Amino acid sequence: MTKILLIYPNIVESPKDISLGLATISALLKKHNHKVQLLDSTFHKITEQEIKHKLKTFKPDLVGITAATNDLHYAIHLCKQIKNINKQINNKNIPIICGGYHATIAPEDIIKQDCFDMVCIGEGEEPILELANSIGKGKFNTNIKNIWFKVGENKVKRNSLRPLQQNLDKLPFPDRDLFNYKHYLNYNKGIATLIASKGCPFGCAYCINNFLLKKYKKLGKYLRFRTADSIIKEIKQIKNKFGGMIKEIEFYDDTFTLNKTLVKEFSEKYPKQIGIPFNINIRAGSVTKQDLQHLKNAGCYRVSIGIESGDEFIRNKIMKRNQTDKQIINTFMWAKEVGLQTYSFNMVGLPHETKKTIRATIELNKKCKPDFVGVSIFNAYKGTELYTLCEKNNWLIKDKTAKSYFQSTNIKLPTISIKELKKIRDRFGFEVYKESRPIRAYLDLFDKSFIKIPGYLKARSLIT
């Protein structure tokens, strides 16, 4: 039996949700009789006192932390504290492993940090279990695939990647009890989140999936789906544990409708066995009106669709989304015709962006008439094609990682300033709605004016 302390260094403004990855790792570890506890920074910064108390009372044998690019500096800060405090309290070094998106994209960034002893590359459930098993047996196995180990002074053992787990139903359901899940549900007005698949087949130039498709080549099918029965069984488990608190289900899958057989079977079984409203992400060009009708009949009430850019050169040549205006407009139209609400995803500040291309994005939104509009400011992330493009053109702001892609960016374009992008981002919804829904337009403008005030997001979540 091994005691593992997991760390969730979550500093994003929105959405505030659990890490389904950490929760699944915890479930697998507990299934094999290991003990797991958590430090979570979602709703407050983790204090030195909290770390001391956890290390003193739990005395973990291993610390595991996940880090996206935006969270990395905070993750390093926490792990340095953990190392130093554990030496003071327990008089020994504690091994720390870091996983997550940044670890997978840029493992050298992780392994060079003094506070990390190991880096987990790719999917971490099985390798972390192997590591915990070896520690529990008193044998620190350094031959585990997907993990790099520091094995001596300035020496790193870089193990290869393992084949991808093809049967997702073999993985246990995420351990929501690891988190204060009722707090999350209250904050998010009763929305429980799930993932029904892993992977994505599209090679968008701004997304990590393009990098992962290449990294996992010959290691198994990258896009994998759970069965409808598995998805429904997990929702039943959530209902049984949290009862009337669950008002809505949200699926985080990049594109929910890629497996047509799954969509049809899920849509037939879900209303009979669950009956809770749900929402999903879909992709224009990869969904039919019939798919949307099945989902509407099942209880889906909203679909989120990526417009991203209204300029076809940026959308298809720069972002590599390979979608026409007609495909996008038709998808929104079909959703409305079957009675679904729509939410549009958009980005501003993309490479080669100008005020004219942003105006094209606004105009395409006007044609699509989404019920809700989401706008982020483009950030270039390591491992993506657009990061390489920005680096080549000297657009990257050195040592800059935006804490929020809703408020800032890590690139500086010659065509439009960051200050202008922020202003455009704040007025985007107003510009989309001002002619068709003027009241909504002014409410959106009001919301963007107050969103930067500390505590506003929390207050809004309680009111709306």
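Buried means under 20% relative accessible area, exposed means over 50%, and partly exposed lies in between, with a 1.4 Å probe and protein chains only. By that scale Lys 92, at 42% relative accessibility, is partly exposed. This is a predicted model, in which local features need pLDDT of at least 70, side-chain atom pairs count only at pLDDT 80 or more, and totals for chains, interfaces and linings use all residues. Residues are numbered from 1 along each chain as its sequence is written, and side-chain values use heavy atoms, with hydrogens and water left out. Helices (H or I, at least four residues) and strands (E, at least two) are DSSP runs, numbered from the N terminus. Contact means heavy atoms within 4.5 Å.

**Nonpolar cores**

- A nonpolar core is a set of buried Ala, Val, Leu, Ile, Met, Phe, Trp, Tyr and Cys residues joined through side-chain atoms within 4.5 Å.
- The largest nonpolar core has 67 residues. Leu 131, Ile 249, Phe 251, Phe 266, Phe 278, Ile 280 and Val 303 touch the most other members.
- Another core, of 38 residues, lies apart from the largest one. Its members include Ile 7, Ile 76, Ile 96 and Phe 116.
- In soluble globular proteins, nonpolar side chains tend to be buried together.
- Beyond four places in sequence, Phe 278 touches Ile 249, Phe 251, Phe 266, Tyr 270, Leu 295, Ala 298, Gly 299, Cys 300, Tyr 301 and Arg 302.

**Helix packing**

Axes are lines fitted to C-alpha atoms, for helices over the stretch in contact, and angles run from 0 to 180 degrees between N-to-C directions. Angles under 35 degrees count as roughly parallel, over 145 as roughly antiparallel, 65 to 115 as roughly perpendicular and the rest as oblique. A crossing is right-handed if the near helix is turned clockwise from the far one by less than a right angle, and left-handed if anticlockwise. For residue classes, Ala, Val, Leu, Ile, Met, Phe, Trp, Tyr, Cys and Pro count as nonpolar, Asp, Glu, Lys and Arg as charged, and the others, Gly among them, as polar.

- **α9 and α10.** The axes of α9 (residues 228–242) and α10 (residues 260–273) come within 9 Å and cross at roughly 30 degrees. The two helices are therefore roughly parallel. Their crossing is right-handed. From α9, the contact uses Ala 228, Asp 229, Ile 231, Ile 232, Ile 235, Lys 236 and Lys 239. From α10, it uses Leu 262, Glu 265, Phe 266, Lys 269, Tyr 270 and Gln 273. By class, that is seven nonpolar, one polar and five charged residues.
- **α1 and α6.** Helices α1 (residues 20–31) and α6 (residues 125–136) pack at about 40 degrees, with axes 9 Å apart. This angle makes α1 oblique to α6. The crossing is right-handed. Thr 24, Ile 25, Leu 28 and Leu 29 of α1 meet Glu 125, Glu 126, Ile 128, Leu 129 and Ala 132 of α6. The contact has six nonpolar, one polar and two charged residues.
- **α14 and α16.** Helix α14 and helix α16 (residues 418–433) pack at about 25 degrees, with axes 10 Å apart. They are therefore roughly parallel. This crossing is right-handed. On the α14 side are Lys 355, Ile 358, Arg 359, Thr 361, Ile 362, Asn 365 and Lys 366. On the α16 side are Glu 420, Leu 421, Ile 424, Phe 428, Glu 431 and Val 432. The classes are six nonpolar, two polar and five charged.

**Buried residues**

- Thr 361 sits in α14 (residues 355–368). It is buried, at 0% relative accessibility. Neighbours within four places aside, Thr 361 contacts Glu 308, Ser 309, Gly 310, Asp 311, Asn 346 and Phe 428.
- Phe 149 belongs to strand β6 (residues 147–152). It is buried, with a relative accessible area of 1%. Its contacts beyond four places in sequence include Leu 131, Phe 140, Ile 144, Val 156 and Asn 159. Asn 159 is ten residues away along the chain, with a C-alpha separation of 8.1 Å from Phe 149.

**Loops**

- Lys 92 lies in the loop between α3 (72–90) and β4 (96–99). Residues up to four places away aside, it touches Asn 86 and Lys 87.
- Most residues other than glycine have a negative phi.
- Asn 33 has a positive phi, near 70 degrees. It lies in the loop between α1 and β2 (35–40) and is exposed at 60%.
- Lys 369 also has a positive phi, near 55 degrees. Its loop joins α14 and β15 (372–377), and Lys 369 is exposed at 58%.
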